[in-house]
Amino acid sequence: MFPAHPPRELKARRPPITTALFDLFKIGPGPSSSHTIGPMKAGNDFLDQCAQLDDAALDGAASLHVTLLGSLSATGRGHGTDSAVLAGLLGHRPETCPPNVLPELARVPELRHLVTVRGRTLPAGLQDIEFGPVTYDGPFSNTLIIALRDAAGKEIYSREYYSVGGGFLQWKGWTAPDRGRPAYPYGTMRELHAQLDRTGLALHELLLENETAITGMGRPAIFERLESVMDAMYDSVRRGLRAGGKLPGTLGVWRKAAGLLEQAQRLPFAADRFLGRLNAYAFAVSEENAAGGVIVTAPTCGSAGVMPALLYAMRADMNIGERALREGLLASAAVGMLAKHNAGIAGAEVGCQGEIGVASAMGAAMLAHARGYSPTVVEHAAEVALEHHLGLTCDPVGGYVQIPCIERNAVGAVKAYNAMLLASCEVEQQHMVSLDAAISAMGEIGRDMNAKFKETSEGGLAVSIVEC
């Protein structure tokens, strides 16, 4: 049964969730899903749109121009947004983009490249990308406009894109794609509990049934893609633990994961050693993300260290079996989808509470479900983790996803573990706050949060530290 406590209800009933698993878990290059993966997809989509123009329009085309607006302009340099858009225009897609592409494009900024559109070539480079106004009257903070121009600079065709967080992309005039209706529709945690009670399905089974109904994928295909996601998470931990040196950018941040792991093994108490290793795993992935390496959005690039750290620890340190790991990952997706559906997951929209906070909630749910706890305990674990990230600002120093982002991933992973412990040790009926209430609060706080605390690097820690 769902909790008897009175929840803080969402103000308006929303349609059911139709987000697919692999919309949420995307494999791609860091350091930011909204600033890197989304803009790369925009560049690639614009290339596809141009290929559908008539010959007269293409014959007159001479150049491409990109304008970054809002948060993409404010922190796009530190996040590599210009390189990401250019990579998309050059035909790269996030899921297959080699990890060295973005650093190579940034290494020689004056280099001109050739974009091919239906047999015609157009010059394009980083100098064609304009960092426009940070204050922009648009529906989303992360906005970019890509235009095809003639020799006189007159616009032939353009499209306005919105990178709405987690690598999700929309555009002006966008409508949600037609998909199958979920087998067991829900839009809130309360509704999800009701479906579980009505059907008797386990949480992960309900997620699988909905995935098949929404996407048409069978279970073997779903499991194969889940394995790819999990393997990418494990690989990002291993790569980060092997790497050393300084991260890209002007901050001079050193990679710490390998050193943290080495020191953790020397700690005198078993509990300290475990938490030390968990910190190292989270640092490893976050440092890979900061370096532009391949990670998995969970739910975003900036929070990509939390879930893999927990998953790696569950496998390597807690000896949880592969089936339970997979089922836990499915349970975590339900939390991420609820947060995205009812509030947001982009730092530019709701602050870091939507990135690290949601990742921590997802991780707590994954731990609880994989260890066999009830859906009520899974919800409580996710709620505790999210509640204690409410109000967290997104204020990256220098616009880089490094300070405070890397440490925040480690703290978020530890909070997730503690949230699971709290939820599993308390009397279920005495829990006072629902996950729906915490998500609703996150949305309200995000709407009221000053823009300078939402991935613009214009407030908070970003202006409290002198960049040397």
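How far apart are the end C-alpha atoms of helix α13 (residues 322–342)? Select α13 to find out. Its end C-alpha atoms are 31 Å apart, which agrees with the 30 Å that 21 residues should span at 1.5 Å a residue. The expected span is 1.5 Å times one less than the number of residues. Helices here are DSSP runs (H or I, at least four residues), numbered from the N terminus.

This is a predicted model: local features need pLDDT of at least 70, side-chain atom pairs count only at pLDDT 80 or more, and totals for chains, interfaces and linings use all residues. Residues are numbered from 1 along each chain as its sequence is written, and side-chain values use heavy atoms, with hydrogens and water left out.

Stay on α13. Of its 21 residues, 18 are buried (under 20% relative accessible area; exposed is over 50%, partly exposed in between; 1.4 Å probe, protein chains only). So α13 is largely enclosed by the rest of the structure. Just after α13, click G344: its phi is positive, about 150 degrees.

Next, select E322 and R315. Their side chains meet in a salt bridge (2.8 Å, N to O). A salt bridge is a side-chain nitrogen of Lys or Arg within 4 Å of a carboxyl oxygen of Asp or Glu. E322 is partly exposed at 34% relative accessibility, and R315 is partly exposed at 33%.

Move to D235 and R238. Both lie in helix α9, 3 residues apart, about one turn of the helix.

Last stop: select D55, D59, R118 and R120. A network of salt bridges links these residues. The structure holds 18 salt bridges.

Key:
Helices (H or I, at least four residues) and strands (E, at least two) are DSSP runs, numbered from the N terminus.
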